[in-house]
Amino acid sequence: MREIPLVDVKAQYERLIPQIQERIAEVLDSGTFILGPNVKAFEAEAAELLGVPRTVGVANGTDALVLALDAMEVGPGDEVICPSFTFYATAESIARRGATPVFADIDPVTLNLDPDDVAARVTDRTRALMPVHLFGRVMPLDGLATLGIPIVEDAAQAFGAEGVAKVGALSTFSFFPTKNLFALGDGGLVAATDDELADRVALLRFHGSREKKSFEAVGYNSRLDELQAAVLRLFLGELGGWNRARREAAARYEELGLGELCELPADEPGHVYHMYVVRSPERDRFREALAAAGIGHASYYVTPTHLQPALRYLGWKEGSLPETEKAAAENLALPMWAGIPAETHERVVATIREAAAVRA
């Protein structure tokens, strides 16, 4: 029986290959590969879609976070509150700036930051808040905004989701190939609601220089490639349809009765299902069954960031963030991509149903 991947990126872009090749050929013919017209056009088109004044293309999503914090002058002695139930790059970017990641627990339903726990961890050293819109679900940020602390939205998993980049001073995105809007390699973006901050990010991404002769800051070499921008412009026009298809795929899992077997992600209008992540105390049993059936799956952040070896110096102990650690032990991502076939859903649900029946 044919194996099923967790994410089938090629299934999304395969019909576009002739157009992709044409755009790549145009870039090759131009001979312009760094900060060319496609990067400039993509930044404008992305800003329009996101509803922000400016965006700045960078090399990857992690650099986007670091550049955002640098532009806000976050550094040694500062604290930034973030979740632990997220990819390591969130806290890594804070530590890279010499600041201290301060972890807050998550809401058990949304898996996003618990605003009350965030508020409880604010100190006079808190320089920024870094919420994550996890798995494509947007975290409402109005409550955090009342704390009066600058917000950097880690929206790597939520491009095109309603409500993203509306509250944070800066919002960051990744175009890693599994993302909702993806590149054919690495790429990233910083969206800004403030022109001064956007200018600072643009300055920093190119060695702190505006014209390669005068250097105003110690910056980075982090620019979105012209080839990637050309492809991203094509994919940006497909994003709305891709995100609708993801929502339809999520609904199909529910229609097939998956909710009888495990806890489904609670739906809401803005959710774009970067991943389709369910929860169950029987997670490991289901994983074994899926693996035996050749069905792709994953469990994310099994060792949450606050317990990672590289951050042991911060002093966090097991049991510090109970909801985070419970989610780490129970989450299971099932196959999800735009255009995933209905028969794939049926096979996934049938496999989990059989595993649940054995348990019973």
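Residues are numbered from 1 along each chain as its sequence is written, and side-chain values use heavy atoms, with hydrogens and water left out. Because the model is predicted, local features need pLDDT of at least 70 and side-chain atom pairs count only at pLDDT 80 or more, whereas totals for chains, interfaces and linings use all residues.

## Helix packing

Helices (H or I, at least four residues) and strands (E, at least two) are DSSP runs, numbered from the N terminus. Axes are lines fitted to C-alpha atoms, for helices over the stretch in contact, and angles run from 0 to 180 degrees between N-to-C directions.

Helix α4 (residues 61-71) packs with helix α8 (residues 195-204) at an angle of about 120 degrees, and their axes are 9 Å apart. That angle makes α4 oblique to α8; angles under 35 degrees count as roughly parallel, over 145 as roughly antiparallel, 65 to 115 as roughly perpendicular and the rest as oblique. The crossing of α4 and α8 is right-handed, a crossing being right-handed if the near helix is turned clockwise from the far one by less than a right angle, and left-handed if anticlockwise. On the α4 side, L67, D70 and A71 meet L197, R200, V201 and L204 of α8, where contact means heavy atoms within 4.5 Å. By class, this contact of α4 with α8 has five nonpolar, no polar and two charged residues. In this classification Ala, Val, Leu, Ile, Met, Phe, Trp, Tyr, Cys and Pro count as nonpolar, Asp, Glu, Lys and Arg as charged, and the others, Gly among them, as polar.

Helix α4 also packs with α5: the two axes come within 9 Å and cross at roughly 40 degrees. The helices α4 and α5 are therefore oblique to each other, and α4 passes α5 in a right-handed crossing. From α4, the residues T62, L65, V66 and L69 make the contact, and from α5, A89, T90, E92, S93, I94 and R96. The residues of this contact of α4 with α5 divide into five nonpolar, three polar and two charged.

A further pair is formed by helix α2 (residues 17-30) and α9, whose axes come within 9 Å and cross at roughly 145 degrees. The crossing of α2 past α9 is right-handed. Here Q19, I20, R23, I24 and V27 in α2 meet E226, L227, A230, V231, R233, L234 and F235 in α9. The contact of α2 with α9 divides into eight nonpolar, one polar and three charged residues.

In helix α5 (residues 89-96), the residues A89, T90, A91, S93 and I94 are buried; buried means under 20% relative accessible area, exposed over 50%, and partly exposed in between (1.4 Å probe, protein chains only). The buried residues of α5 pack against α4, β2 (79-83), β3 (100-104) and β5 (152-154). After α5 comes G98, with a positive phi near 85 degrees.

V74 lies in the loop between α4 and β2 and counts as buried at 0% relative accessibility. The C-alpha atoms of V74 and G98 are separated by 8.2 Å, although these residues are 24 residues apart along the chain. Leaving aside neighbours within four places in sequence, V74 is in contact with L69, V80, R97, A99, R127 and A128.

## Salt bridges

Side chains of opposite charge can pair when their charged atoms come close. A salt bridge is here a side-chain nitrogen of Lys or Arg within 4 Å of a carboxyl oxygen of Asp or Glu, and by this rule the count comes to 15 salt bridges. Three of them are listed below.

| Salt bridge | N to O distance |
|---|---|
| R233 and E45 | 2.8 Å |
| R121 and D117 | 3.0 Å |
| E260 and R353 | 3.2 Å |

The side chains of R233 and E45 meet in a salt bridge. The pair links distant parts of the chain, with R233 in helix α9 (residues 226-236) and E45 in helix α3 (residues 37-50), 188 residues apart. R233 is partly exposed at a relative accessible area of 26%, and E45 is partly exposed at 25%.

In the bridge of R121 with D117, R121 is partly exposed, with a relative accessible area of 24%, whereas D117 counts as buried at 18% relative accessibility.

The side chains of E260 and R353 also meet in a salt bridge. E260 lies in the loop between α10 (239-255) and β8 (276-279) and R353 in helix α13 (residues 342-359), so the pair ties together parts that are 93 residues apart in sequence. E260 is exposed, with a relative accessible area of 62%, while R353 counts as partly exposed at 33% relative accessibility. Elsewhere, salt bridges that share partners join R54, D195 and D199 into one network.
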